[in-house]
Amino acid sequence: MRNDKSLMRKTHFLGTKIRNLRKRNNLTMEDLSARCMRVDANNSPSVSYLSMIERGKRVPSADMLAVIAVVFQKEVGWFLDDVPEDHAITPEKGNKGGISGMPLEPSFLFSNDILQIAIPEMLSQTGTSGRQFAHLLIRAHQEHHQNHFPDLERAAEDVGLKRMPLMADDMLTIAARMGLVIKWIDRTPQEIRDEMGASSHQLVTSFFEPPGTIYLNNTLKDRPHRLKYDLAVHIGHCVLHNKDGLKSVMTSGRKEEGDDNGIPQSNTLNAQDILHAWRDFESSFFAGALLCPKVPFRQLLDRHGYEISVHKQLQVSASVAMRRMTVVSPYPHWHFFDAYAPGKLKAVYRGNGIPLPWGNMRLVEDPCQHWAVFRMINEPSSGTSAQISILNVGNQPRIYCCESIKVEDSAGNPHVLCAGIDLNPAIDAQGKDSLSIANDLKQACASNGGSVVIPRHIKQDLTSVAKILNINWIERGIKNDARLICSRGAVCPRQPSCYAAGKNLCEDN
């Protein structure tokens with residue numbers, strides 16, 4: 001048994017250090033108490049007792065402090081010295097994980113009048129449709145707010161009462177309670193071709209017709225996760241938009257961004273484009289919040305170390321679960337990709353502003369094949385694959401970890417879902433120099449042909465971060481080789497470059 005009296009004499013900054021360390025890691029008191037319970041249930045602080053510790057009203061026992069130290073991957077002595085260590089424990093302000101913008105100077109060029117003239121011209125010259133631009137605006141709004149939309153969360157909670165899981169029969173009951181009529185139809189996948197001639201399939205899974213009829217494809221009877229999602233989206237449309245608007249059609253497959261129900265695309269941006277795109281986003285977000293309510297889903301993820309496989313317990317798609325991870329996690333620096341071969345993104349979220357190595361509106365011929373999401377598309381694989389990557393962002397190296405999973409959509413098209421996080425802020429939160437660590441790892445990869453076994457001292461720092469964030473696949477990624485990745489071939493950091501003499505050598509490495 002440790003000497004608690006000795007402990008009492010060294011607790012001048014203990015409460016402050018615990019509070020600042022908790023906030024620096026974006027944990028609530030409930031989160032920290034739950035984490036402690038999983039380490040040692042007998043010596044864990046309750047939320048109320050933790051509050052008193054942080055305010056200096058109570059001193060934890062030696063055993064309780066040892067549990068807290070394990071959660072934060074610190075030595076017990078770190079909490080007990082008489083030095084406040086401001087640089088290591090004070091949370092940074094203003095770094096919430098949103099993407100950064102550009103200065104709009106000179107400001108007169110960015111007036112409403114000038115933008116209203118310039119934007120249509122830009123769309124025409126780049127071949128971007130009005131609906132594509134509308135989706136881009138919404139994505140920027142989503143990233144600016146770090147994926148947090150409390151009004152939509154509350155609307156979903158009012159309908160689902162935070163129940164989890166909701167089964168298909170539950171969703172049908174909710175629809176009936178709202179006065180919606182369900183009708184079943186037969187639809188078969190249709191072949192489509194993209195601008196590069198690649199063939200894929202698209203399937204109409206459901207559609208809503210005012211004032212209150214939902215038509216469901218019979219194929220959904222064998223796909224309960226997709227059935228629940230479609231119903232949740234249509235319920236969201238009814239709750240949020242009062243059953244108003246055009247016929248809402250849901251499809252599965254590699255739908256072109258902004259390609260709505262076969263309506264010809266225009267390079268003119270109008271109010272209807274914005275309205276319909278925004279309503280689609282709201283209904284989709286509502287569906288995720290209904291099927292994976294924030295608090296219980298966050299608790300489930302925390303219990304299972306953010307494993308993607310939790311989606312099976314809830315009978316929702318991996319896509320829904322991974323998108324919700326970016327919303328409910330206390331760590332704000334997430335990204336999410338949904339990629340189809342050879343280089344098309346159907347959806348993307350970049351809570352930390354990670355640069356894209358390919359267009360999210362147009363196919364590209366040379367996406368960096370070292371990105372985990374594209375390696376998994378082009379390699380026969382099953383299950384999940386975690387990867388540590390190093391990417392230059394603004395001429396500074398950043399360390400990312402992602403987990404990818406290959407799935408098949410309801411139309412039969414294979415695609416890869418990828419959820420990932422920026423590890424640099426988590427490293428800095430522990431008082432380490434993330435840029436120095438990232439640069440060391442980058443140099444090690446560059447001198448070894450682009451990938452390397454992670455050096456022991458870096459592995460130790462990353463393992464501590466993985467345990468603090470409580471994300472199991474980071475630890476799996478650490479066991480694999482780290483890889484250099486690039487945003488485009490012109491800035492390939494490998495020696496020799498994958499794109500030497502204009503040739504893409506990525507696939508040969």
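Biologist: Which residues do ring pairs link into a cluster?
Modeller: Phe149, Trp278, Phe281 and Phe285. Rings of Phe, Tyr and Trp (its six-membered ring) pair if their centres lie within 6.5 Å. This is a predicted model: local features need pLDDT of at least 70, side-chain atom pairs need 80 or more, and totals for chains, interfaces and linings use all residues. Numbering runs from 1 along each chain as its sequence is written, and side-chain values use heavy atoms, without hydrogens or water.
Biologist: How many aromatic pairs does the structure hold?
Modeller: Nine. In one of them, the rings of Phe149 and Phe285 have centres 5.3 Å apart and planes at 80°, so that pair is edge-to-face. Planes over 60 degrees apart count as edge-to-face, under 30 as stacked, and the rest as tilted.
Biologist: Where do Phe149 and Phe285 sit in the chain?
Modeller: Phe149 is in the loop between helix 9 (130-144) and helix 10 (150-160). Phe285 is in helix 13 (residues 271-291), 136 residues away. Helices here are DSSP runs (H or I, at least four residues), numbered from the N terminus.
Biologist: Is Phe285 buried or exposed?
Modeller: Buried, at 8% relative accessibility. Phe149 is buried too, at 11%. Buried means under 20% relative accessible area, exposed over 50%, partly exposed in between (1.4 Å probe, protein chains only).
Biologist: And what about Trp278 and Phe281?
Modeller: A tilted pair: 5.3 Å centre to centre, 35° between planes. They are three residues apart in helix 13, so about one helical turn separates them. Trp278 is partly exposed at 25%, while Phe281 is buried at 13%.
Biologist: New topic. Which ring does Lys17 lie over?
Modeller: Trp78, at 4.6 Å from the ring centre. The charged end of Lys221 sits over Trp184, 4.8 Å from its centre. The cut-offs: NZ of Lys or CZ of Arg within 6 Å of the ring centre and within 35 degrees of the ring normal.

How values were computed:
Helices (H or I, at least four residues) and strands (E, at least two) are DSSP runs, numbered from the N terminus.
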